[in-house]
Structure formats: structure tokens, C-alpha cells
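Have the viewer open while you read.

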Amino acid sequence: MKIIAFEVREDERDYFERFSKEYGWEVKLVTDKLTLDNVELARGYNGVTTLGWSQITAELQDKLLAMGISCCATRTVGYDHMDVKHAREAGFKLCNANYPPTGVADYTIMLILMALRNYKQALWRGQVNDYSLQGLRGREMHDLTIGIVGTGRIGKKVIDNLTGFGCRILAYDVYQDSAVAGKADYVDLDTIYRECDVISLHTPLIESTAYMINCESLEKMKDGVVLINCARGELMDVEALIWGIESKKIGALALDVIEGERGIYHQDRRTDILQNKNMAYLRQFPNVIMTQHLAFYTDIAVINMVRCAFEGIKHFVAGEPCETEV
Ligand code: COI
């Protein structure tokens with residue numbers, strides 16, 4: 001058995017080596033993302049794994065199929081970079097990773113607290129010996145209503161974490177999960193918008209959720225609403241966010257993801273001329289926290305991301321059902 005892994009980061013190498021021994025497989029590690037230009041590298045391998053920056057398009061899948069490779073495992077939870085519809089039609093197998101939701105859920109709580117306590121400004125001031133309090137007065141969680149949009153594994157874990165803070169928790173999802181009962185109340189999206197002081201997104205990026213945060217939805221929210229996004233940048237219309245911050249409709253924004261991050265995040269771009277104007281403009285506001293898509297990035301997540309790729313490909317190649325098939 002031979003697999004080829006793309007987008008391999010330095011910190012994943014030990015795990016690839018470890019699982020390659022454990023499974024008795026030959027594993028080729030490539031740091032580049034998988035594209036049509038380098039897909040030939042995969043010739044002769046039984047399966048392919050990537051992270052989220054490779055676009056697993058219909059054309060790429062057809063190319064792999066023509067080379068005798070019929071599966072790709074993304075080491076990410078999100079799979080919006082894969083053409084799932086085409087895969088199903090073409091008989092190309094795709095699976096994602098189901099690493100524990102705890103890392104992203106912890107990070108979400110951190111961002112909520114940082115946003116509510118104006119921590120970015122406090123941190124900036126400390127760097128220049130400005131220890132003033134003016135403008136830093138925060139809000140307490142138990143006094144607030146927090147809305148969780150999306151109650152999959154991550155959203156549910158965020159709700160679990162929030163229960164200790166004593167806040168009122170509202171939840172929205174098209175599928176209601178009984179595990180949420182007693183911790184949060186399911187309501188419709190408009191109620192989330194109308195009643196929540198903090199709204200955190202934990203929904204996948206699909207056609208119906210793309211740009212769900214836009215001028216129209218922002219208008220429905222409380223003045224000074226705090227928005228958190230540790231899911232996908234494209235859930236939010238960035239121009240609308242800028243309007244929201246400038247008009248003070250949005251009180252604070254904490255974004256671990258942003259539209260246009262592809263090609264920027266997870267890279268050292270210090271000496272480059274970056275082209276994403278909205279990203280640079282948003283970042284400079286004192287009440288906007290932006291991090292480089294790292295909510296997922298923990299020791300537990302990384303080992304499990306690699307393990308999931310091995311497991312998924314193992315099942316696909318054996319023709320067995322795969323629990324993480326998408
Ligand atoms: C995911 O697992 O879906 C992530 O967002 C993390 C990834 C981009 C490395």
C-alpha cells in the first residue's frame with residue numbers, strides 16, 4: 001500500500017512516519033498543495049491526502065481516476081474545497097477528518113472573552129506602557145445571551161463550554177440535536193439575530209450558509225453585537241462587516257477565518273505585498289481580533305488529522321464503508 005500526502009507541514013511529519021510504520025504503508029510527503037500541475041506525482045499511489053488549501057475539483061478527481069486513484073482524504077473537518085457532487089457522480093471517494101472538536105471549542109471561548117473584555121486594546125496598550133482603563137470596560141458572560149449557529153460537533157462543544165459561564169444560550173441548526181436539550185434553546189435564526197449579544201458561527205460552508213452574515217442579517221441584530229467566526233470566512237460578507245464596524249452596529253468582531261485567506265494564512269508573507277485590502281483594513285480596528293485560522297491547531301487535533309487520513313484511505317481501498325466519507 002502506498003499513499004501520497006500533500007500540504008504536509010513540518011509538525012505533521014513525525015505523525016506520518018509513526019502511522020506509516022503502524023499501518024506498514026509507504027508514504028510520500030509533499031509540502032505543496034495538490035494541483036493539476038503536480039497531480040502526476042500521485043501516479044502509482046493507492047490514495048491521496050491533502051489539507052484544505054488544495055482544491056479537489058471535478059477535473060482533478062477525473063485526472064486521479066484516470067491514473068487509477070479513486071480516493072482522497074482531507075485532513076480537515078471542512079470539505080468545502082472538494083467537489084462532493086462530482087465525486088459522488090464519478091465514483092471518486094472523499095472523506096474528511098473527525099478530530100476532536102475541543103480545540104476549536106476552547107478557542108471560540110477564548111475569542112468570545114477577548115472580544116468582550118477588549119483584550120486586543122489592552123494588549124496593545126501594555127506594549128507601550130499605557131495602562132489606562134479608558135474604553136476597556138468589558139461585559140460579563142452571565143449577563144448575556146449567546147447564540148450558537150450550527151450545533152454539529154464543534155457547536156455542541158462550545159455550548160458545553162458555555163454552560164459553566166451562566167449565560168443564556170440560544171442555538172440554531174436545521175437539524176436539532178437532543179444532546180443540546182437543557183443546555184441551550186433552539187430558536188429560529190431571526191430570534192438568534194434579534195436576541196443575542198454574542199453570535200458564534202459553527203456551520204459548514206455550503207450554498208445556503210455562504211454570506212449568511214450580510215447587511216440584511218446585521219440589520220436584524222442588536223446594536224453592539226459581538227460576532228465570532230472560527231468556521232469559514234465565506235460565511236460572512238466582509239464589506240458588510242466593515243459597514244458594521246464603521247457604523248458601530250458591530251461592537252466587536254473576532255475572526256479566526258476570513259474570505260481571501262487562501263494563499264496568505266499559514267504562510268510567512270512578511271516581505272510580500274499582500275493584495276487583500278479588506279483584510280488589512282479590518283485588522284486595524286481596535287475592536288477587531290483576527291487570527292490566522294489556527295483555532296484547530298492543537299497537538300490532539302494534528303495527530304488525529306493524520307490518523308483520519310490513514311483510516312479513511314484504508315477503508316476506501318479495502319472497499320469498506322468509511323465513517324468519515326462525505
Ligand atoms: C478544518 O479542519 O476544517 C480546518 O479549518 C483546519 C484546516 C484548514 C487546517
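Helices (H or I, at least four residues) and strands (E, at least two) here are DSSP runs, numbered from the N terminus. This is a predicted model, where local features need pLDDT of at least 70, side-chain atom pairs count only at pLDDT 80 or more, and totals for chains, interfaces and linings use all residues. Residues are numbered from 1 along each chain as its sequence is written, and side-chain values use heavy atoms, with hydrogens and water left out.

1. Start with Arg-9, which sits in the loop between β1 (2-5) and α1 (13-23). Arg-9 counts as buried because its relative accessibility is 18% (buried means under 20% relative accessible area, with a 1.4 Å probe and protein chains only).

2. The side chain of Arg-9 makes a polar contact of 2.9 Å with that of Asp-11 (a pair of N or O atoms within 3.5 Å; within protein, one must be able to donate a hydrogen and the other to accept it, and residues adjacent in sequence count only if both atoms are side-chain atoms). Leaving aside residues up to four places away in sequence, Arg-9 touches Leu-51, Phe-296, Tyr-297 and Val-302 (heavy atoms within 4.5 Å).

3. Now the ligand: around it are Thr-76, Val-77, Gly-78, Tyr-99, Arg-232, His-293, Phe-296 and Met-305 (each with a heavy atom within 4 Å of it).

4. Which atoms come up against ligand oxygens? A backbone N or O atom of Val-77 lies 2.7 Å from one, a polar side-chain atom of Tyr-99 lies 2.6 Å from one, and a side-chain N or O atom of Arg-232 is 2.8 Å from one. The protein covers 92% of the 280 Å² of accessible area that the ligand has on its own (Shrake-Rupley method, 1.4 Å probe).

How values were computed:
Buried means under 20% relative accessible area, exposed over 50%, partly exposed in between (1.4 Å probe, protein chains only).
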